[in-house]
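Subject: Structure for you to look at

Hello,

Here is the structure I said I would pass on.

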Amino acid sequence: MFERFTRGARATVKGAVAQAERAGAGSVTEEHLLLALLEQEGGRASFAVTALGLHDRRSSLEASFTEARRRGGLTRADTEALAGIGIDVGAIVSHVEGTHGEGALDADRGGRRWWWSGHRPFTPGAKTVLENSLRVALGRGDRFIGEEHLLLALTAKPGSVADVLAEHGATHAAVQRALYGPDADGGDGGEAGRGHAQAG
């Protein structure tokens with residue numbers, strides 16, 4: 001699959017590893033892939049994230065990711081659903097952090113498997129994004145996997161990254177319009193393509 005990656009997509013994957021290293025994370029996550037995408041310049045994805053205002057709101061994105069990690073990766077939709085049945089996630093987080101310290105629910109906190117393996121592994125979610133980028137590319141009829149396919153795969157995979165992007169106006173549909181224009185025909189299969197991307 002990686003032979004299909006463009007230079008920019010490969011740089012994004014390498015950048016995600018660097019993001020994880022800078023953060024002291026034990027593994028490379030979808031969040032690291034997105035932050036690495038924000039650092040790329042000159043490609044279609046860079047144009048889209050600039051058009052959507054994500055470059056200018058990087059600190060807001062990072063704050064939202066920090067908050068999502070504090071909730072153990074629960075999305076806002078998850079939190080609202082739990083609130084609907086009387087479970088206050090904020091109170092639980094506060095109690096756990098009061099006992100075990102800030103960020104105690106962060107799944108990647110203190111993970112250090114990479115010390116003995118020599119490299120940081122990609123989380124299952126990050127691997128799924130990479131796999132789904134191939135599905136997105138094939139759905140659009142592209143023979144390569146570029147940063148734009150990675151960005152679309154990030155918006156299509158349910159979870160905290162897609163949730164944070166949507167909070168910042170970068171839904172799957174908005175990203176697709178930014179990448180391919182207002183009359184984008186959903187060449188990645190539209191809703192069907194999203195379903196395939198989510199299924200991975």
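Start with Lys 157, which forms a salt bridge with Glu 30, the closest N and O atoms being 3.0 Å apart. A salt bridge here is a side-chain nitrogen of Lys or Arg within 4 Å of a carboxyl oxygen of Asp or Glu. Lys 157 sits in the loop between helix H9 (147-156) and H10, while Glu 30 is in helix H2, so the pair ties together parts that are 127 residues apart in sequence. Lys 157 is buried at 18% relative accessibility, and Glu 30 is buried with a relative accessible area of 18%. Buried means under 20% relative accessible area, exposed over 50%, and partly exposed in between (1.4 Å probe, protein chains only).

Before going on, two notes on where this comes from. This is a predicted model, in which local features need pLDDT of at least 70 and side-chain atom pairs count only at pLDDT 80 or more, while totals for chains, interfaces and linings use all residues. Residues are numbered from 1 along each chain as its sequence is written, and side-chain values use heavy atoms, with hydrogens and water left out.

How many salt bridges are there by this rule? The count comes to four. One of them joins the side chains of Arg 22 and Glu 39 (3.5 Å, N to O). Arg 22 belongs to helix H1 (residues 7-23) and Glu 39 to helix H2 (residues 30-39), so this pair ties together parts that are 17 residues apart in sequence. Arg 22 is exposed, at a relative accessible area of 56%, and Glu 39 is partly exposed, at 42%.

Another salt bridge is between the side chains of Arg 58 and Glu 62 (3.0 Å, N to O). Both residues lie in helix H4 (residues 58-70), four residues apart, about one turn of the helix. Glu 62 counts as partly exposed, with 31% relative accessibility. Salt bridges that share partners join Arg 22, Glu 39, Arg 58 and Glu 62 into one network.

On a 1 Å grid over the protein atoms alone, a cavity is a set of points where a 1.4 Å probe fits but cannot get out, and lining residues have an atom within 4 Å of a point.

Which residues line the largest cavity? They are Glu 30, Val 129, Leu 154, Lys 157, Pro 158, Gly 159, Ser 160, Val 161 and Ala 162. Helix H10 (residues 160-167) gives the most to this lining, with three residues. The buried residues of H10 are Val 161, Ala 162, Asp 163, Val 164 and Leu 165. After H10 comes Gly 169, whose phi is positive, near 85 degrees.

Last, the protein as a whole. Its secondary structure comes to 12 helices and zero strands; helices (H or I, at least four residues) and strands (E, at least two) are DSSP runs, numbered from the N terminus. Buried residues make up 46% of the 200 residues. Of the contacts (heavy atoms within 4.5 Å) with a separation of 6 or more, 65% are between residues 24 or more positions apart.

Regards

Note on methods. On a 1 Å grid over the protein atoms alone, a cavity is a set of points where a 1.4 Å probe fits but cannot get out, and a pocket is an open set with protein on both sides within 12 Å along at least five of seven lines; lining residues have an atom within 4 Å of a point.
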